[in-house]
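Please consult the sequence and the structure while reading.

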Protein chains: 2
Amino acid sequence: MSSRKNLLGLAVLAYLSQRPMHPYELSKTLREHGDDRSIKFTHGSVYMVVEQLLKAGLIAEQETTREGQRPERTVYGITPDGRAELQAWLRDLVGVPRHEYPAFGSALSLVSALHPDVVVELLRERLERLREERVTTAKLAEGTEPHPLFLVEEVYRLGLLDAEIAFVERFIERIAEWRPMWAGYHEQNS
Amino acid sequence: MSSRKNLLGLAVLAYLSQRPMHPYELSKTLREHGDDRSIKFTHGSVYMVVEQLLKAGLIAEQETTREGQRPERTVYGITPDGRAELQAWLRDLVGVPRHEYPAFGSALSLVSALHPDVVVELLRERLERLREERVTTAKLAEGTEPHPLFLVEEVYRLGLLDAEIAFVERFIERIAEWRPMWAGYHEQNS
DNA sequence: TCTATCATGTAACCAGTTACATGATTTT
DNA sequence: AAAATCATGTAACTGGTTACATGATAGA
């Protein structure tokens, strides 16, 4: 229960809705399809969520085979409940925005603890890296291989990147205006 | 160690760098300052990270007092190591963008599992809520109470919101173009 | 004075990460 | 044939969330 926590569970449901697989295969397939760009997971966490989905009755053990002397593989398939949950979960994610906590946002809320001059320097570094990231993301987003539909997430990411770049540029400018007050505050307690 | 995981730790260091506090006070102060908009935490998790920071030597027990019959309160203060870590951690966060995993991005990477018509409907719902959220965020971002520097995180959030709104609008348009292929794929397996 | 809420903390549970294990295949 | 990597999984640890506990004050 409470399965709606780890997005990896959603991905597993989605893949198993196409055909049954064993966990290792899931892991490999997810990675091959580049899903590790949108969903955080490791080899180990795949086994974990498979366990969870199993307990929740959303997937079921289909068969256990052994091939040569390789370890046993357990193949899992999605259940009707699993299909329903896949749809419901996705609908919820698409329809209802949730409050997010990007790390940069957290840092911004505490940034006054740094001296304004170092902040400016750091923001310039950040800009460089953001621009690099933008280039590689743009290349991905402009693909057309299977179908652009499967790259729409990169388009989204690109939009976020551009917004962040614009914000950082603007922020640097405003720091110039605020510098006296901000720097004064720092000299006062150190 | 490996303290650089939970952003709440950073916030605690930042607050303790101003004055010593006990965990409950930290929790209350964080919430009063609206830091729960940028950092995810609960009452319980504050005690947890305080424990971690203590083990890592970044904060230290300062005194233990008892007032009336209230439970004992342990007051913690930041150590020199803690101050160093606060600066280093913040510098890293500001200077180096990390790969993020927004939930909507994950959903987008799997959205083909939904029928295009329901996706459009859901995206319209999402747009409405995004616009509401935009209004309240804009109000916050335009404040000037202590100093705009302390609201810069809301400005950032506003930029992200606008980017997402633009993306969703555009996505709806493109679904119209893609609908035939996408819908066909769905009829084929169901 | 009863009830609600505040103040403060702990304990138990669940989720996630990391490290390890081991036979099979491929490369050098 | 030695070394590296693939295929497959488990176990141990660490982190995070939730639920509970209990006296104090404030409101009805």
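The radius of gyration is taken over C-alpha atoms, and the globule rule is 2.2 Å times the number of residues to the power 0.38. This is a predicted model in which local features need pLDDT of at least 70 and side-chain atom pairs count only at pLDDT 80 or more, whereas totals for chains, interfaces and linings use all residues. Residues are numbered from 1 along each chain as its sequence is written, chains are lettered from A and ligands numbered from 1 in the order in which they are written, and side-chain values use heavy atoms, with hydrogens and water left out.

Q: What radius of gyration does chain A have?
A: For 190 residues, a compact globule would come near 16 Å. The C-alpha trace of chain A spans about 70 × 40 × 40 Å along its principal axes. The radius of gyration of chain A is 23 Å.

Q: How many Å separate the centres of domain 1 and domain 2 of chain A?
A: Domain bounds come from an automatic or database domain assignment. In chain A, this assignment gives domain 1 as 7-95 and domain 2 as 103-188. Taken over C-alpha atoms, the separation of their centres is 34 Å.

Q: Which pattern does chain A follow along the sequence?
A: Helices (H or I, at least four residues) and strands (E, at least two) are DSSP runs, numbered from the N terminus. Chain A has seven helices and two strands. Read along the sequence, the pattern is α-α-α-β-β-α-α-α-α.

Q: What percentage of the residues in chain A is buried?
A: Buried means under 20% relative accessible area, exposed over 50%, and partly exposed in between, with a 1.4 Å probe and protein chains only. Among the 190 residues of chain A, the buried share is 48%.

Q: How far apart do the centres of the positive and negative side chains of chain A lie?
A: Lys and Arg count as positive and Asp and Glu as negative, while His and the chain ends are not counted. The place of a charge is taken as NZ of Lys, CZ of Arg, CG of Asp or CD of Glu. Chain A has 24 positive and 29 negative side chains, and the centres of the two sets are separated by 2 Å.

Q: Is Ser112(B) buried or exposed?
A: Ser112(B) lies in the loop between α5 (103-110) and α6 (116-141) of chain B. Contact means heavy atoms within 4.5 Å. Beyond its neighbours within four places in sequence, Ser112(B) is in contact with Leu149(A), Phe150(A), Trp182(B), Tyr185(B) and His186(B). Because its relative accessibility is 16%, Ser112(B) counts as buried.

Q: Which residues does Arg129(A) contact, leaving aside neighbours within four places in sequence?
A: Arg129(A) belongs to helix α6 of chain A, residues 116-141. With a relative accessible area of 37%, Arg129(A) is partly exposed. Its contacts are Gly95(B), Val96(B) and Pro97(B).

Q: Which residues does Ala103(B) touch, not counting those up to four places away in sequence?
A: Ala103(B) is part of helix α5 of chain B. At 11% relative accessibility, Ala103(B) counts as buried. The residues touched are Leu93(A), Arg98(A) and Glu100(A).

Q: How far apart in space are Glu128(B) and Gly82(B), C-alpha to C-alpha?
A: Glu128(B) is found in helix α6 of chain B and is exposed, with a relative accessible area of 53%. Glu128(B) and Gly82(B) are 46 residues apart in sequence. In space, their C-alpha separation is 44 Å.
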